[in-house]
Structure formats: structure tokens, C-alpha cells
Amino acid sequence: MDIKRVGIVGSGIMGSGIAEVAAKAGFEVTLRSRTDEGAQSMVAGLEKSLAKQVDKGRLDDGERTTVQGRVRAVTALSELAECDLVLESIVEELAPKTELFGELDGICGDGAILATNTSTLSVKAVAAATNRPAQVCGIHFFNPATAMPLVELVRADQTSDETLAAARAFAEACGKTVVDVRDQAGFVVNALLFPYLNNAVKLLEAGVANRDDIDAAMKGGCNFPMGPLELLDLVGLDTSLAIIEALHAEFKDPNYEPAPMLAALVQDGKLGRKTGAGFYDYSKK
Ligand SMILES: NC(=O)c1ccc[n+]([C@@H]2O[C@H](COP(=O)([O-])OP(=O)(O)OC[C@H]3O[C@@H](n4cnc5c(N)ncnc54)[C@H](O)[C@@H]3O)[C@@H](O)[C@H]2O)c1
């Protein structure tokens, strides 16, 4: 199937980034936020990001206008009725995702593909909320979606070959490298990454080193571009906690038992960069 119109549900970190990537790749994008405020802030974020690229000479004025013109921010889910592909990127919790997929199934055309950007949750469980499980898959982008080259393409039990081929073509048109993964919590990247991130918090709790030294150690010792605590702040501590909890539930491995400090920060509303504070303070930056 030929994908031209893409709907994105969720205007947070990932939804906004994917909207920009898809619009730059030439797709007509409808981005759905639950509130006018969310929709407006996503449009403002897109304008700011494109303006930066124009300033740096990476985009010309004409391209900026074209890309901006391809993105429409809406609040009603029914506006996604004409989309060929709808990619969900809302909060990392199963209940809201299944509810959303049930609604999208009733709204979208029979041929439309419904995909999830979940980091860890079961694509099969999300597909089960629809009457089109063959047309449901995972298209897992990485953060920031505008810069990270990878997409994990997730095949659930009933995903058809046609659906996967169309989803792959979409991700490749967005300039991404695609890897095929099975529908298992964390897929490849997060199943390997999150025990490491979680253990970094446990080292901090145990007083083995302070925050800055833990991050400096992994940057200097492993040549990683970011330290683990900086990376957790970038991902979002609520999303990170949800990922670690899902991995723990699936694998029962003590390495996946969430670090209490992570849960405490989430409890305090310190979710990382998106709220201005997490392991680091971003309020003055
Ligand atoms: N942050 C990352 O590094 C990252 C990377 C890859 C994939 N993901 C996945 O992308 C998805 C979104 O993550 P994010 O980082 O953009 O989160 P975010 O917190 O930045 O945004 C979440 C969005 O979901 C909306 N939302 C919350 N509850 C909702 C509900 N009940 N119904 C509809 N919308 C609701 C919020 O208003 C917000 O716009 C998650 O599934 C996450 O696992 C995140």
C-alpha cells in the first residue's frame, strides 16, 4: 500500500519529532493533540526547530514553508479518518493505548495501518483492541526522532507482510535504518539499554560516585556521547520508569527492578528535561 497521509497521535517529545521527520520526508501529517494548547505548542516547536535549521543553512526558506504547510495540528481524533497510517505516540501505559486503538479502528478507513511507537509494551495487546490485527505493527523511533537514525519495526503475532512492507517503506522514506524485531518487551535497544540506565541510578543511590562522576565515567570510559543520568533525563523519567517496570514484569530479572530514586523523582514530578528538572536542573538553561 502507498502511504501518503500520516496521522500522529500524541504531541509530546516523540510525536512532535516524528511529525517533523515525516513532513520533511514529504508526507502530509496530521498531528493530534488532546488540547488546543498542546496543538499550538507543537506547531510553535516545529516552527522553532525549522527556523534553527534555516539559520544554520541546512534548510532554505522555501523548504521551510513547504514543510510547515504539510503539518496540520488538530484536536479531534476524527480528523485522522483519511490517513493511510496512524502512528500512536502517547503516554507509555497500556490502557490508554488500547482505548485509543479501539477508537482509531472505528474512525480510520479499512485499509489504514495503525502503528505504535511504544518502547516496551505488547504490540499484540494493542492490536487486540482492533478488528484489524493484521494491519497493526510497531514503528519504534528513537529520541530525538529528528536525529537518531534507527527504527525498530515490530511484528506482532498477526501482523501481515504487506503491513510490515508498507511500514518499512514509510520509515525508510523518513531516512531511517530499519531493523526487524519480535514483539517482546524492550525489543532490542531498550532490553539492552535500560538495565544499564537503571543500574546507574542504583550506583548513585549507593554512593559509589556522584551524579557528574557517573556520567563523566561512562563518557570518558566507554566513549558514550551522554552519561546514563543525562540520557534518562532526555528520555523522560516517567517514560523510563514505565519501560523498566515493563521489562521487570516480563523478565523478572533483578537488574530490571526499578531503582527507588527513579520512582521518587517521578513521584515528585521531576520527569527530566521536559519538566525542567530530573537528575539535572534545566530551569536556567
Ligand atoms: N522519550 C523517549 O526517549 C522515547 C523514545 C522512543 C519511544 N518512546 C515512546 O513514545 C511514546 C511517547 O513518549 P514521549 O517521550 O513522547 O512522552 P511525552 O510525555 O513527551 O508525551 C506523551 C504525550 O501523550 C499524551 N497523553 C498522555 N496521556 C494520554 C492519554 N490518556 N490519551 C492520549 N494522550 C495522552 C500527553 O499529553 C503527551 O502529549 C511512549 O510510548 C514512549 O515509550 C519514547
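Residues are numbered from 1 along each chain as its sequence is written, and side-chain values use heavy atoms, with hydrogens and water left out. Because the model is predicted, local features need pLDDT of at least 70 and side-chain atom pairs count only at pLDDT 80 or more, while totals for chains, interfaces and linings use all residues.

Let's start with the sheet. Helices (H or I, at least four residues) and strands (E, at least two) are DSSP runs, numbered from the N terminus. Here, 8 strands make up an open sheet, in the order E3-E2-E1-E4-E5-E6-E7-E8, and the pairing is mixed. Two strands pair if DSSP finds at least two bridges between them. At the edges sit strand E3 (71-74) and strand E8 (177-182), each of which pairs on one side only. From one strand to the next, the twist averages 25 degrees; axes for such angles are lines fitted to C-alpha atoms, for helices over the stretch in contact, and angles run from 0 to 180 degrees between N-to-C directions.

Strand E1 (residues 5-9) has parallel partners in E4 and E2. It is joined to strand E4 (residues 85-88) by 4 bridges, with the two strands running parallel, and Ile8 stands opposite Leu87 in E4. With strand E2 (residues 28-32), E1 pairs in the parallel sense over 5 bridges; Val9 has Arg32 of E2 as its bridge partner. E1 is also mostly covered, since 4 of its 5 residues are buried (buried means under 20% relative accessible area, exposed over 50%, partly exposed in between, with a 1.4 Å probe and protein chains only). Out in strand E3 there is Val71, which counts as buried at 13% relative accessibility.

Next comes the ligand. It is surrounded by 20 residues, and the closest are Glu92, Lys97, Ser119, Val235 and Lys274; a residue is near a molecule or strand if one of its heavy atoms lies within 4 Å of it. This shell divides into 7 nonpolar, 9 polar and 4 charged residues. At least two shell residues come from each of helix H1 (13-24), helix H4 (94-107) and E6. Taken alone, the ligand exposes 830 Å², and the protein buries 81% of that.

Asn143 turns up again in the backbone: a cis peptide bond joins Asn143 and Pro144, with omega about -5 degrees. Pro144 lies in the loop between strand E6 (136-141) and strand E7 (150-155).

Asn223 has a phi near 60 degrees and sits in the loop between helix H8 (211-222) and helix H9 (228-235). Asn223 is exposed, with a relative accessible area of 68%. For Lys252, phi is about 55 degrees, and the loop in question runs between helix H10 (237-251) and helix H11 (260-267). Lys252 is exposed too, at a relative accessible area of 62%.

Key. Accessible areas come from the Shrake-Rupley method with a 1.4 Å probe; for residues, only the protein chains shown count as cover. Ala, Val, Leu, Ile, Met, Phe, Trp, Tyr, Cys and Pro count as nonpolar, Asp, Glu, Lys and Arg as charged, and the others, Gly among them, as polar.
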